[in-house]
Amino acid sequence: MDLELVLKAVLSLAVIGLAASFMLAVASRRFAVEVDPRVERVLAVLPGANCGACGSPSCFAAAEAMVTGDVPVTACTAGGQPVADAVADALGVEKCEVSSAVSMRQCGGGKVAKRRFEYSGVMSCAAVVRVAGGDLICPTGCLGYGDCARACPFDAIIMDERDLPYIDLDKCTGCEVCVTACPRGGTGLLAMRPADAGIAVRCSAHDKAKERRGYCSVCCIACKRCEKVCPTDAIVVVDLLAVVDYDKCISCGRCVEVCPQKCIDLTGRALALSVRDSDGAGPDVDGFEAMTDEEAASL
Amino acid sequence: METLSHFALLLVGGALVNNILLTRFIGLCPFFGVSNAMETSIGMAGAVLFVMTLASTGTWVFWNVLLEPLGVGDFLYIPAFILVIASLVQFVEMYLRKASPGLYRALGIFLPLITTNCAVLATATESVKPGFFKMNVAYSFGFGETLVYTLGVAIGFGFALISFAALRERLEVAPVPEIMKGTPMAFITAGLLSFGYVGLGGLFGL
């Protein structure tokens with residue numbers, strides 16, 4: 001046993017260790033970064049899902065931006081009013097009102113819509129649209145492979161028996177992650193609407209009504225009956241598709257009643273879970289009554 | 001001219017001919033771990049380039065100033081180098097956080113992860129003990145050679161990692177049989193990719 005060698009080994013490691021710890025000790029003083037305590041307070045009240053809906057890459061980045069005033073305290077789309085109030089409390093600023101939005105699906109096809117071939121590959125909408133534009137004949141309809149349900153950071157979307165996404169309005173925060181995940185989000189298959197809106201048009205196709213009826217029995221056929229019955233001119237057929245102006249809509253429900261295709265739907269009711277008949281009969285709308293004239297006038 | 005071509009050989013040899021990932025299979029954990037997405041692989045490649053260069057030059061100094069003169073380098077190089085690399089990474093992290101928050105955020109989690117990356121240790125070791133991997137070099141590297149060789153290795157690492165990430169992103173949507181999905185297919189792809197790099201073995205008569 002060579003004692004001298006042992007000594008040298010201990011010595012050299014000790015020298016390296018000491019040099020390194022000295023360097024780190026100096027560096028920790030020299031390069032100390034002070035974290036604003038307000039950032040931590042704001043971060044504590046944010047949802048922490050890092051969904052990115054506000055435009056910041058993470059909740060931490062959003063908290064930093066809220067403290068510096070780069071974004072308003074209402075920036076958290078997912079958190080809505082309660083979070084905005086909590087952030088305002090944490091920062092000691094005045095509370096403001098948030099206009100909240102939720103996601104809506106603008107297609108009622110699902111199993112009823114015709115497919116041009118049988119797809120058996122990666123079960124993902126993003127993959128299906130790469131195969132000759134998708135198995136669905138409708139160029140704007142829901143493919144039904146559930147990319148939105150997998151993408152939702154709040155578990156608000158489930159695929160129901162019709163192979164359509166059902167959006168749980170209690171859980172939906174309007175973060176728009178599903179719209180980004182949907183390969184047809186750009187053509188309005190999934191879109192944002194005000195949280196208090198009463199109706200939704202379950203179709204987003206713009207091709208000719210005759211073609212549309214050929215491959216889907218529940219699409220909008222641009223018959224304009226909703227347009228005529230609407231007391232506030234809130235629903236208008238634009239480019240062969242009924243479009244709702246939610247600023248004008250009073251949720252009276254007359255268009256829902258009059259639509260021959262049953263493609264205008266009440267939002268927020270569990271209707272989405274009812275299965276359409278295979279022959280394409282509309283959803284069960286029993287028990288629904290439109291407002292009377294007096295009720296509509298009182299709004 | 002002689003030195004210039006020598007440095008060029010070191011650079012190309014480290015980056016392509018003896019690619020650390022695909023010819024020598026060192027540092028495979030990040031190769032399979034972060035190559036799922038292009039974005040993370042670019043972050044990892046940047047962090048490795050940064051840390052590897054610092055670590056190799058740092059350990060070269062400690063080797064030549066302390067370990068070699070004392071004659072303890074032969075058996076002490078691994079703990080000593082790990083010590084140096086770990087403290088260097090810590091130091092770099094602190095410095096970046098203060099001086100360049102943008103870069104700090106871009107490198108993110110990869111910076112501390114590299115502390116225990118075997119590719120970094122291997123490159124640091126080779127720079128002082130080229131016999132560890134025979135490069136037809138009969139002597140220990142000088143400081144300049146260490147720097148150039150490490151840069152070459154790090155560039156080769158980044159190049160292989162990023163090209164592999166691009167392949168894996170395409171594989172995501174390819175019709176891969178159910179039992180081969182994910183990592184098995186990645187292993188086979190890595191093997192095929194490795195053929196190409198092994199084929200460079202005869203380059204420059206190295």
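This is a predicted model: local features need pLDDT of at least 70, side-chain atom pairs count only at pLDDT 80 or more; totals for chains, interfaces and linings use all residues.

Biologist: Are H2(A) and H4(A) roughly parallel or roughly antiparallel to each other?

Modeller: Their axes cross at roughly 160 degrees. Angles over 145 degrees count as roughly antiparallel. So H2(A) and H4(A) are roughly antiparallel.

Biologist: And which residues of H2(A) and H4(A) make the contact?

Modeller: On the H4(A) side you'll find Val83(A), Ala86(A), Val87(A), Ala90(A) and Leu91(A). The residues of this contact divide into seven nonpolar, no polar and two charged. From H2(A) come Arg38(A), Arg41(A), Val42(A) and Val45(A).

Biologist: Let's hop to chain B. Is the crossing of H7(B) and H8(B) left-handed or right-handed?

Modeller: Helix H7 (residues 118-128) of chain B packs against helix H8 (residues 143-171) of chain B at an angle of about 155 degrees, with the axes 10 Å apart. That makes H7(B) and H8(B) roughly antiparallel, therefore. As for the hand, the crossing of H7(B) and H8(B) is right-handed.

Biologist: Which residues of H8(B) does H7(B) meet there?

Modeller: H7(B) brings Ala119(B), Thr123(B) and Ser127(B) to the contact. The residues of the contact divide into four nonpolar, four polar and no charged.

Biologist: How do the two chains touch, and which element gives the largest share of chain B's side?

Modeller: In all, 20 residues of chain B are in contact with 19 residues of chain A. Two elements give two or more residues each to chain B's side, helix H3 (38-70) and helix H4 (73-99) of chain B. That side divides into 15 nonpolar, three polar and two charged residues. The largest share, 12 residues, comes from H4(B).

Biologist: Back to chain A, then. How many helices and strands does chain A have?

Modeller: Chain A runs to 299 residues, and buried ones make up 38% of them. Among its contacts between residues at least 6 apart in sequence, 59% join residues at least 24 apart. Counting elements, chain A has 11 helices and eight strands.

Biologist: Why is strand S1 of chain A largely enclosed by the rest of the structure?

Modeller: Look at which way its residues point: Ala101(A), Ser103(A) and Arg105(A) go one way, Val102(A) and Met104(A) the other, and all are buried. So S1(A), residues 101-105, is largely enclosed because of its five residues, the number buried is five.

Biologist: Which residue stands opposite Val102(A)?

Modeller: S1(A) pairs in the antiparallel sense with strand S4 (residues 190-194) of chain A, over five bridges. In S4(A), the residue opposite Val102(A) is Arg193(A).

Notes
Residues are numbered from 1 along each chain as its sequence is written. Chains are lettered from A and ligands numbered from 1 in the order in which they are written. A residue is buried if 20 or more other C-beta atoms lie within 10 Å of its own, exposed if 12 or fewer, and partly exposed in between; C-beta atoms are placed from the backbone. Helices (H or I, at least four residues) and strands (E, at least two) are DSSP runs, numbered from the N terminus. Two strands pair if DSSP finds at least two bridges between them. Two residues are in contact if their C-beta atoms, placed from the backbone, lie within 7 Å. Ala, Val, Leu, Ile, Met, Phe, Trp, Tyr, Cys and Pro count as nonpolar, Asp, Glu, Lys and Arg as charged, and the others, Gly among them, as polar. Axes are lines fitted to C-alpha atoms, for helices over the stretch in contact, and angles run from 0 to 180 degrees between N-to-C directions. Angles under 35 degrees count as roughly parallel, over 145 as roughly antiparallel, 65 to 115 as roughly perpendicular and the rest as oblique. A crossing is left-handed if the near helix is turned anticlockwise from the far one by less than a right angle, and right-handed if clockwise.
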